[in-house]
Structure formats: structure tokens, C-alpha cells
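Have a look at the picture first, then read on.

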Amino acid sequence: MMVLATHLAAHALDLVLLVPLLFGFGLALLPSYRVSAALNVLASFLALIGSLLLLVARPKAGEYLQVDDLNIVFIVLNTFVAFTTSIFSATYIAHELETGRLTPAYLRFYHAMFQIMMFGMNLALVANNIGLMWVAVELATLTTVVMVGIYRTPEALEAAWKYFILGSVGIAMALFGTILVYMAARPVIGQGLESMAWTTLIQHVADFDPGLLNVAFVFLLLGYGTKVGLAPLHAWLPDAHAEGPTPISAVLSGLLLNVALYAVLRFKMLLNANPHTIPAGPLMVTMGLISLIFAALMLYRRRDIKRLFGYSSIEHMGIIAFAFGMGGPLANFAGLLHMTMHSLTKSAIFFSVGHVAQVKGTQKIADIKGLSVTHPALGWALAIGVIAIAGLPPFGIFMSEFLIVTSTFARDPLLAVPLVIGLLLGVGALMLRLSGLVFGEPTGRTDPVQASYIPLFAHFALVLIAGIYLPGPLVLWFQHVAHLLG
Amino acid sequence: MTMAVVSELACVGALLALGALAVALARFAAASRLIYGLSFLVTSVACVVAVLALAAPASEIVLPLGLPWMGAHFRVDALTAFFLAVVNFGGAAASFYAIGYGAHEEEPARVLPFYPAFIAGMNLVVLAGDAFAFLLSWEFMSLTSWALVMSHHKDAENRRAGYVYLLMASFGTLCLLLAFGLLAGADGGYVFAQMHAHQLSATLAALVLGLALLGAGSKAGLFPLHVWLPMAHPAAPSHVSALMSGVMTKVAVYAFIRIVFDLVGFPDWWWSVVVLVLGGVTAVMGVLYALMQCDLKRLLAYSTVENIGIIFIGLGLALAFRANHMDGAAALALTGALLHVLNHAVFKSLLFFGAGAVLNATGLKDIEKLGGLIHRMRITSTAFLVGAVAISALPPFNGFVSEWLTFQAVLLSPQIPQWGLKLMVPTAGTMLALAAALAGACFVRGFGVSFLGRARSAAAAEAQEVDRFSLAAMTGLALLCLLLGILPAFAIDGLAPVVQGLVHAQMPRQLGVAWWTVVPIASSRSSYNGLLVFLFIAFSASMAVVFIHQLASRIVRRGPAWDCGTPSASTATQYTAGSFAQPIRRVFGSVVFRAREAVTMPAPGDGRPAVLNVSMTDLPWDVIYDPIRDAVNAATGWLNRLQFMTIRRYLTLVFMTLILLLLVLAIW
Amino acid sequence: MHGFAFDIAHLLAGSLVLVSLLLLYQDRMSALLNVFALHAVLLALSVGWQAHIQDAPHLYVTAAIALIFKAIIIPGGLRRIVKKLGIHREIETVVGIGLTMLAGIALVALAMVVMLRATAGADPLAREDLAFALSIVLLGLLMMVSRRNAVSQVVGFMSLENGLVLAATGAKGMPLVVEISVAFSVLIAFIVIGIFLFRIRERFDTVDIGALDQVGGERG
Amino acid sequence: MVNLAGYLVQAGEMALVLALAPAVTGLTRKLKARLLRKKGPPLLQPYLNLIRLMRKDAVLADNASWLFRTAPYAIFAATWVAAALVPTFATGLMFSWSADLIAIIALLGSARFFLALAGLDIGTSFGGIGSSREMMIASLAEPAMIMIVFTLALIAGSTQLSTIAEVMLGGAVNLRVSLALAAVALILVAIAENGRIPIDNPATHLELTMVHEAMVLEYSGRHLAMIEFASSLKLLLYISLIACVFVPWGLAPMGSDLTAYAIGAGSYILKLCAGAALLAVFETMIAKMRVFRVPNFLGAALMLGLLGTLLLFVSGAL
């Protein structure tokens, strides 16, 4: 039995890592975009299976890779959203070919890059080595840069360029932080891989030089925080969301931000475990609040629907950073829940926005009106999505915001005030846009919806259920992780 | 003993299922009748169950929903049962009305699914026994009603109304969220029973009061948080307006009572000053605004604001008494407030139904274009008249009883020791009296201009009486206005367990008194018997009629109106709603609305008509909301430049952040 | 022996900081590229010296990359770009050179304060190296934000990266150093000769990022 | 037995107010005319007017609704019931507990509500102007009245008019500032409510100044009779109210013998005459004011009432 379990576990990691890598190279060679779209779904599905297997049979932590209670949450979420996105993408991307925005060659490239990107993200999550994680995040970033620029319009190139430059600086800062962590670890643990492995770092971190850890954390927070999209490091995010293909926007918001956040969290855990360092929480709380209020205000003047939701992602990353920064079992639980719900909801929103952009032939908010008249299902789906992302019940984000606000207010009332103001500003902006998008006299084109609704409604169903009912095991699991996060 | 809560939850479930069913059926013509009919059945059952549960002991169940470590608590106690009864009564009346009225809906798919869900949401708010379930239901209620407000979304005004509504609702929810956060404490004791046991310091308790006033008050329509109400309530279909005005505002009152009377613990005396000031200002401002409106439904919505003010005056009095351990007096004031909750639900629903009927028959909401409807819509106009008299707090109808009880409570207040209250209570009494008197003027104007006189437009001249269901619903409510007015003792005794649970005292039992007279304290002090007054009036009036018709003349001749000898055929010569309001606008408006009149008088011999322009400002908008909007606008405009910077500047931001953090490290 | 090794490393790292400051001082494109080549050469020397004293032969690879790639190929490529695109010879600065230099010196001071406070317990070699590396990183960033031309920004980024490599090689026994330096070189290659710069050239007549941004984002 | 007597007294009360109301109106008119050195109509002219009007055919405007026809009876009935609940010659009336002072005021409010509606029913400009002004006056007079009620109720510990009268009669109440304020306020309100000079001129038909008469312009025959009767009743009611609260002497207490009732009735008639005389003198001495100065007049009443109440709240002794 044990043997089988370990066997399975070994293959599970293969599924999560090797499948995307192999398919990534394989897809680059396939000429037919239909087949490659299907294979893309298949690969994502296999990765999902792998991550689910990891749930039941977890391999032992190795030198380079590990699966523990924390990252398994991210892995499952990552592979699940990747799977639904691949389904959406398969039905969506054909339309891009019809309208001539993409050529078959680029489509081939797109599918290959999709899997490479998944490989990068999964690797970053399962890496047991801060250096490997850094490499993996860089890989994921580079692939998404390419994806963002794939339409090769001036705007897309500009967005990609901006993303690339800011991302590179972020990467550089993260690397510096990583080196510093190693420097801090080496005198205690000794030279070599051991000094870069999470599993050993966390055991010995109490003896590390706190000063070095402090500097390291500043660089890591800014470096990976750039990827998370925390203000004022966010500048790449809205444009990258707006100009890339919609499935990529969904993946960016739903996954890549989480991966970067995961890295920040890992280092925060390190810092927390050393009693002499500066508290990491207040830093994250501050950046979270700045991001929240800034993004909420930025939402008001958006004219591009995808950029709008890009800013909304910044807002939510701010909330999540705030929650994790507050710490404590309740806030951490809320942060995890919020992150999960945001991934599901935001990717679903991007699915529906993708539909909208296709049926209306535009991303300009001013040109999209009265969707609920012309496309009732789509219009209401978008409404549900915006309502859910605005933190209104009965959807999951409401639950996490409830926990964050109430727990904050009981502990530190003054912090809750800007939090609440930010939330209210966000709701105000989103609802303002919603009533324009979904209601009123319709204008413009009214093409039929072509892509699949299934991923969209699957996400909504999950978010709705989570808003009302969280299954016990999931709660225990999250609570455990929240406890780990301290 | 969980029968009550289980059956209420079953009703909620049934309503939610109806909502889902409506999504599927909305395209069929018969769906409207089916859904409203079933909603009527379900809410009727729920109402009966709630009434039966009034005197029953509290029951609670925990469902494995909501926050996983505590589940979703639902409980029925006396307070809950009373509000459940109000909610479902209003729901049943509106559903019955809508069986007929709903047939005229242009896009039933935008109303039918949300309607039962909205009622379910209101029920859930009242049933909720923990903060999470409460807020979830609260916001669900807001959302479904928002969807209903947006059902006529092609009108830009309605979209704006929906937006303002949802924003204010979110604001309220966040305030309540903070209030519950304080009540729950750092350990997250979100269940109401835990909150009840949790002792708060005086400062925190006061903070909870403030947040509850903001949160519940924004939903109820307390001045100056009421701004959304007169926009959103009229925007919805009329039966939904009735629910929003008549019932949803009561759910907000419930939230306030639940938090301030139940959860937060013993009140400080000055709390009542705050509540009384807000209540008084709300009542007077609400009715003054109502007096200036020309849109019938807007007028009714503002009148809702007024009545919420009256209810809060009652609640403020109850708080004042409770803080001074005058439990009997607190019971009286609270009974008055709760009775007004019930009464307002009845007559405001009735009035909105009437407004809906008028809208249906004429397509008009502007009373300046109506007139003479009493000839063509006899039943509607009679029912509306009853509602108008009742809401003006005139005997023998129900509105008077609750205001009378509140006056009686005011008269008990000299024993209160605090100076602040000594000054505030009589002032609140004056405000109440002023509001009542102005309400009379308001409804003379509202009813008189729209139903009496001559038709001011072709649509009004050709109005047809509405369908039987609508008429039956209105007639039923009108009868209830009368019944509650002449037999209030039944309602007061029914409220006894509710009041007992909140202030640990109750009014003396009324049904034992001869003729079911209402005797709040002692018969030598004050008493009122609506039944006798009604019988007296009926008797004297019929005596007079019989006497004159038998002994003097009974002949009627018809002729043209005399009008001081200069009758005019033009219907434009009638007094308009605007001119009717002019004296009051001059008296109060110059201060409250900064109303200014400008007359453009053409020179003698010039054939052009003279023009009177009235400019009024809306204080809360001018003082609070517009500045906030401008501030947000300015902030967004300023921040928006960040979207258009060069990459180098973005990098500078990153660089500055890095330097800042390093400096923090260097200094730390 | 230790003292000598330390002195050499110190000298090299210190010169790197100095050259970074020199980079800030340049106001002509060709001079800038030359100074950058010098920067890269110094880095290669420093890394080579580390390889020698740490007895870590794989670091020679890094040193070689630094020498060949950064000191020769990239400056050469950039010179070609400058010539081909007809970029202004002058470097447009945001604030004056003097002010930038002052800021640079302040940054070096800041880096010293932060690092020397932080690494009080670490061994001196690593400690000095880290302080210098941080200075170089900060100076590189300063260069990126205080120059308007894309080429000088790229140079700033590369000097930043040199600081990183210095830090990584100074960290005794750090695994994956070579891999990381290779990965970084790829990144830079992307930036310098990659498709973006090429496309940007194709669509806009200048590689000035400022001009690129004019198109930008959401207008209207 | 007591019960029967109680019913009899109550019935007598109702009949008495009905019988005396036109006389009070007539007396006022006569006195006013005399003061102006005119002869004036006979004292009983209002009775004759009423009988005459009742006998005439009612002429209704073409578009008069049922409300227009029923309103006079409702107004009459509400006013009558209100008047019958005010102790005139005896306290402790049989049904006085069915409505206290607040309810009496509200009953008058009901009457006014229907009168104002009737003014709007035909759709003429005069009716509207009357209704509009009437409601404006009422919107200030009613709160003032409620404040007066508060003052009285706080002194007497009851809102029951009988109890108040008994307390006043009992002599336990000394001269109080707040009582004086209430008295002045009550007189101001009474003048306004009855449409007397300086608020309204009951004798005028000058369009721009009239309030009450404008509302009833379209009424004729028996309907007009009812309305005229109701306004006479209202005048009587207010005089009775002032009398029973501020000059309660002579009121027969509950269950007294016939002599006491006779004394009560006699003193009541005297008080009515005095009231009518004072009113006539007052009206002769003063000029009618502009409509838009009325709010100041009533605002003063409201403030006086509020002041009286506040004084009581703040210091039980004043």
C-alpha cells in the first residue's frame, strides 16, 4: 500500500511538472490549432489530476521539490483554474483566428507557451529551493510577457514592454533578496543546497542574522510584490491584462498573482519565525491598504473593460496582502479564502469579458451597453461576476471580506476604517460600470456568443456554494494552513 | 419547539425555489400569475406561522451553512416573530396585488425571479441568529431589491437610482459589519447569543450605536442617509415599491432594535438624545420633502422617510426610559413604535398599490397631469383615501393610534432626570406633532390633486378601473387600516411579548378593558377608544343624513361649477400641486430647501404667460454627497495620471519605494 | 593570505562601485558604453578572483560570461544600435548630472548603513561584498530612473545585474549561481537584441521609451 | 342608575352643544355689529339660515364626486363628536374616556382633512387656494395645540379633558407661568382654527383673503348647512375648551345632583356669552393680516406652547 502511495505520489509530481513541460514542447511542433487546443485541455486536465493525487498521496520533500500543506492549496487552485481556462481558451481562441487577430503560427506558439507558463508556475509552487523558485517565477513571467504581446498591436507591445521592464527589475530585486537569504542562512546551515531549501530554512531561521533577513525581505517584498501587483509596483498589471488574450488575462489574475503572493508568504513565514526581525505584517498591511484604496480610486476612470478588472485584481491583491499582513488564524484563513475566491471569480469574469469583447467587437466600456437585453445569459453572468467580485453576497468573497473586516475591527479599529473606505470605493466604481455595461439601451454589435459558458458557470457555482457553505474538510485544511502562516 | 423556525425556513426555501422556477418560466405568459399566486400562498403561511409564534418561546436551529465553525443560526423569538409577521403580511398583500398588477409588466423576466427572492431575503434577515447569516441575508435583500429597481433599466433615472441605492446599501452593510465586529470582539463571537453575553465598554457601545444608526439608518432612510430612498423606491414596479417602502425599511428598523435593544446591552441616556434628534429631523424633513414632490411615488417614498422618523422617535423615547429604568414607560414607547411599524406597513403598501393602479390606468406618475380619477376609479380612490387619512394620523384609522401612544410616552418623560432629555423629549414631541400636521397637508395635496378636481390630461380622463386582484388587495388593506384603528387593543396585546422581551416590561393588558379601550397607564390618565369614536361618528353622520333627508330636502340638482361666477372650462385653471405647496414652501422652504421664487411678469399688453420659477436645493446632496462625489472625482482625476506615465516614472515609483523601505530599515 | 585575498576582493568590488558612479557621470553615449565595458571587465575579474579564493571552478564560467558577453558582445551590439538608429549622442538626463551624482553618493551611504548594520555577524568578506553589491544595485536603479534614453536605461539595468552577480558570487558556496547568471544574461539578451527592441525599432523611430509611451494605455 | 344618569348627561351634552352652537355664532356677529354701530342680524339668524339652507335643493357642480357630497356629513359628525367630548357643564361624561384631548384635536383634524379635500373636488382655483391655506395654517396650529395639550397634561397628569378640568377645579393648581403661556397659545390657536380675524375673515368673500369660505364656495343647500353648522360647533368647542380648562368654575362633578347640573349649565352659558363677547371685541379691534404673516402668528403660538412645556419639564414648579 505504502509502495503504491509513494509510486503514485512520484507520478503525481510528474503530472504536475513534466506534463506541462513536455506538452509545451510538443505543442510547439503541432500545426493544427484544433488538435493543439484539445491537447492543451488534456495537458491541463492531467496536471489537475496530478495535483488532486498530490492531495491524497504527498511525496516526501526532496532537495529541489516539496509538497506541503501550504503550497498544495496553491497547486490545486492553480491547476484547476488552468484547466477551466484551457477549456475556455479552446472555444475562445478560434474566434481570434477568424477575426485575424492571430495567425495559426502564433496560435501554435500560444498553446506551447500556455503549457510552459503552467510549468513555470507549478514549478515555482512546488520548488523547495528559493533559487529554483526564483528561476521558475522568472520563466513564468517571461512566458506571460510573450503572451501579452502576442497580438503585436502597438498597445500590446507597449504593455508587454512595460511588463517586461518592470518585471525584470522586480526579478532582479527578488534575486538580490534571495541571495541575502542564502547569506543569512549559510553561517547557520552551511554551504550548499541545504541553505536554500524551505524545509531547512524554516527550521533554523530563528538563528539567522535578523538584519540580513530584514534587508532580504524588503527586496523580496518589492521583487515578488511587483508580480503580485501591489501598488505602487503595479504599473504593468492593468495594461498586461488589457492587451493580452483574454485567457491569459484570466491566468494572470487568477494564477500568476497568486504564485508571486505565495513567494511573499513563504518569506513572511521565515521572517515571522525569527523573533528579532522587523515585523513583516505591518509592511504588508501598509502596501495592501495602499493598493486597495489606490486601485479602488483608479477603477472610476477606466474606459477599457479588461483594464478595469485588472485594477480590480490590484484591489483584491491589496485586500489579501492586508489579511495576511494582519495575521492570526482568522485573518489568515480569510486571506486564503479570499485568494481562492478571487482566483475563481476573477478568471470567470475574464471569461465573460472575453465573450463580451467578442460579441461586441470592442473592449471600450462606453461602447458596451445593455448586455442584459441583447445577451441575457452573458449580461447576467457578468453582473453576477461583478457582484461577486465587489464582495456582495451570497458569493465567497463576501465571506472572506466579512472575516477580514470584523476581525480587523475588533483588533485594530483604526485600520479597519481605511479598509472599509477602500472596499466601499471599489464597490462604487464597479457598480457604476456594471449599470452601464449590463443595463440601459443596447448599442453596437450583437454577435452571438461562440465560446463555451461551462467554465464560467462552473466557477460561479463554486463561488456561490463557497459563499454559503464551506465543506468541513476544506475548512480544516485552510485553518491548518492559516495556523502555519502564523 | 423548533417548529416555528423550521416552518419559516421552509417558507424561505419555497420562496427561493420560486425564484429559481421563475427564471425557467419567465417567458410564459401565465408565469406571472403562477409565481405571484404561489408567493401569496407561501407568505400567507409564513405570516400565520409568525403570528402564532409571537407568544411562543424562542426557538433556534443551526444549519451547517455560513461560517463553517459556527454554522448558520436561525432563531424565532417574539421580536423576530413580529417582524416576520410584518414582512410576510406585506409580502402576501403585495403578491396578491401583483397577481393582477404583474400582468402589465413589460419584461416579467426582470421582476419575477427576484421578487420571491427579495421576500425570502427579508425573511432571512429577520430570522438570522448570527452576524454572518444576518449580513449575508441583509445584502442579499439589498441585491435582489436592487435588481428589482433595475427592472425598468432603460430609464437613465432608474439606473442612477439603482446605483445610488446599491452604494448606500453597501455603505450600510459595511457599517453594520463594523458594528458586529465590535460586538463580536476579537474572538469572533458572531452568534447573537454570544454578542448578548459579551460586555462592551461604554465607548465601544456608543460606537456600536453610531454604526447601527448609520447601517440600519441608511437602509431605513434616516435623514440625511435617506437620499437613495426617494430615488429607488419609486423606480421599482409598484408592488415592489410597496414592499421596499412598507416592509424593507421595517427590516432595517428590526436591525436597529436587535442591535441597540438586544445585543449591545444597557443604553446610556444620551443615546436617546441622538436617536430622538435623528428621528425628529427625519420626520419633519421627510414630510416637507414629500410636500414638494409632484411624482406620486416619490411623494410616498418621502412619506416613508417621515414615518421612519416617527418610529425612531418612539424608539428614542424607549431608550430614554430604559436608560432611566422606567421600564413601563419604555414599554409604552416601544409599543407605539412597533405598532407604527405595523401600521405603516399596512397603509404604505396600500398607498403604493394605489399609486401603481393609477400608473397602470393612466401611465402617469406626475400628479400635475392627473385629476378627477375619483370618478373613473372609484374603488381605488376610496382605498387610497383611506390610506391617506390613516397615514395622516387621523382618527379613527390606525395611524392615529400609534402616534397617540407615542404622545402618551412623551407625556411620561418629565420624570427623566437628565437635562438633555428634559429639553429634547418635548422638542421631539413638537417635531412629531409638526410632522403629523404636515403629513395631513401632504396627503390632502397628494390625494386632492390626483384624484379630485378635473382631469388634467387625456390619459387621466380616460383612466379605467384596475383589475380585481389589485382592487381586492387595496380594499383588504383599507379595511385593515380601519380595523387596526378601531380595535388596536388586539395589536397592542399581540405586541406585549415582543416588548417584554426587549425592555422587560409590557403595557397593561388591553383586551380586558371594557369596549377594548386603549389605556396605556391608567384610565384616569389617558385612554382612547377608536371603536367608540368610529361608532359615534358613524352614528352622528347617519343621524344627520337621515334627519335632513327625511325632514328637509333630499333633492340634488346638477349644474356648472360656480367658481365665484367665473368658471373656466380649462382644466389648467385648477389649483396645481405646486401652487398647493406654495404656502408651506414659503413658510418652511426658505430655510430648509433654500427655496427661491422668481416671477417673470410680461409687460402689460404682452401676450406671453407669466412664469414662476422655483429653485430648491436638496440639503443632504449639497452638503454631504456632492462634496464626497467631487472629492472622489478630484482624487480619481489626480491619480489617473498614474495610468499615463512613462516606464521610467513607474520605475521611479518602484525605486522610491525601495529607498523608503531601506530608510525604514536604516532607522529601525 | 586571507588578508590579501580580502583586500583584492575589496579592491575589485570597490572599483565596481566607483565605476558605477562613473557610469552616472557619463553624458555621451559612446563613453557610457565604454565605461560599462569596464564595469563588466571588473566584474569578471572580481568573479574570477572569488572563484580562485573560494576554490569554486564553476564560478569561472560566470566570470567568462561576464567578460565575453557583457564586456564585449553587448557593448558592441549597443554601439551598433546607436549608430544604426542614429540615436542622439547626448544622454538626456532627468535631473542634472551633479544632482544625480549626489544622489548616487547618498545611495552608497545608505547601502553601507543598511548592510553594515545588518551583517554585523557575517564574515567580513561577504559583508563588504554585500554592501558594495547593494550600492551597485541601487546605483543601477538610479541610472534607470534618471536617464531618458532606452540604451542608457539598459546599461543601468545591466550594471544593476552586475551587482547581483557580485553578490551571488560573494555568497560562498551558493548553488545555482551559474544558472542564475546565465538566466540573467538571457534576460538581458532579450532586452538588448530581443524581439521587443527590434519591433519597437520597427514601429517607432526611436527606442526612447518616453516616445513609446506616448501611444499608450487608454486615451480618449 | 348612575349609568343611566351618565348616559342622560352625555346625551344632554351632545344636544346642548348642538343647540347652542349657532347661538354663539349669532351672538358674536350681533355683538360685532353693535360694536361697529350697526344693527346686526338677529341673534337667532344662524338658526334660520341653517333651516333655510337645509330646505333648499342642493346644487352640485357637474363634476362633483361622492366625496363632495359625503364630506359635509363627515365634517359635521367629527366636529360634533369632538364637541360632545369636551365637558361643558359637567365633568366625568359617560364617554369622555373614549377620546382624550389629543384625540379631540385629531378629530378636528379629520374634519379639516375632508373639508380641504372637498375644496379641491370641483377643480376650481378658489377651492384650491382655500385648501392650500387651510392646510398651511393647520400645519402650524396643530403642533401648537399639541404643545398646549402637553402643558395641560403635564400639570394635570392626564390628557383626559374631564380629569384636567377636575384638577383645575380642585384648586390644587396655582397660577403658573406655563399655564399662562398655554392659555395665550390656546387663544391664538383657537382664533386661527376658527378662521377668525386676524387669520381669516368669516364674513368676507373677497377672493384673495379668504380661506374657509373659499373651500366651501361650491357648496349649497343642506351641504352648506352642515358645514356652517360644523364651524359653529367648532367655535363653540374651542370656547368650551378654554372655559373648562382655564375657568372651570361651576362645572358639575360626576354624579352630582340636578342643582349642580343646573348651576353648571347656567355658568356654561355665561362663559359662552363672555367668550363670544371677548371674541367680538377682539375682532373689532384688530385688522386682518396678510396670509403670509399667519405663520408668524402661529409660530408664536407654537413657541409659547413649547416654552410652556419646556418650563414644566425643566422645573416642575413653574
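In chain A, what share of the contacts with a separation of 6 or more comes from residues 24 or more positions apart? The figure is 82%. Keep in mind that this is a predicted model, so everything here is computed from it.

**Chain A on its own**

If you like helices, chain A is for you: it has 19 of them and zero strands. Its radius of gyration is 21 Å, close to the 23 Å that the globule rule gives for 486 residues, so chain A is as compact as a globular protein of that length. Of the 486 residues in chain A, 68% are buried.

**A helix tucked into chain D**

Now hop over to chain D and find helix α6, residues 161-169. Is this helix largely enclosed or largely open? Seven of its nine residues are buried, so the rest of the structure largely encloses it. The buried ones are L161(D), S162(D), T163(D), I164(D), A165(D), E166(D) and M168(D). And what do they pack against? Their partners are three helices of chain D: α4 (101-121), α5 (125-156) and α9 (221-246).

**Who touches whom**

Four pairs of chains touch, and the pair with the most contacts is B and D.

|---|---|
| Chain A and chain D | 40 Å |
| Chain C and chain D | 54 Å |

**Where B meets D**

Back to the pair with the most contacts. Here 77 residues of chain D are in contact with 73 residues of chain B. On the chain D side, at least two residues each come from α2 (45-55), β1 (58-61), α3 (66-84), α4, α5, α9 and α11 (294-314). Which of them gives the most? That's α5(D), with 18 residues. Sort the residues on this side of chain D by type and you find 46 nonpolar, 20 polar and eleven charged.

Strand β3 of chain B (residues 556-559) is joined to β1(D) by four bridges, and the two run parallel. To spot the pairing in the picture, look for V556(B), which stands opposite A58(D) in β1(D).

How values were computed:
Residues numbered from 1 in each chain as written. Chains lettered and ligands numbered in written order. Predicted model: local features only at pLDDT ≥ 70, side-chain atom pairs only at ≥ 80, totals over all residues. Rg over C-alpha atoms; globule rule 2.2 N^0.38 Å. Buried ≥ 20, exposed ≤ 12 C-beta atoms within 10 Å, placed from the backbone. Contact = placed C-beta atoms within 7 Å. Nonpolar A, V, L, I, M, F, W, Y, C, P; charged D, E, K, R; others polar. Pairing = 2+ DSSP bridges.
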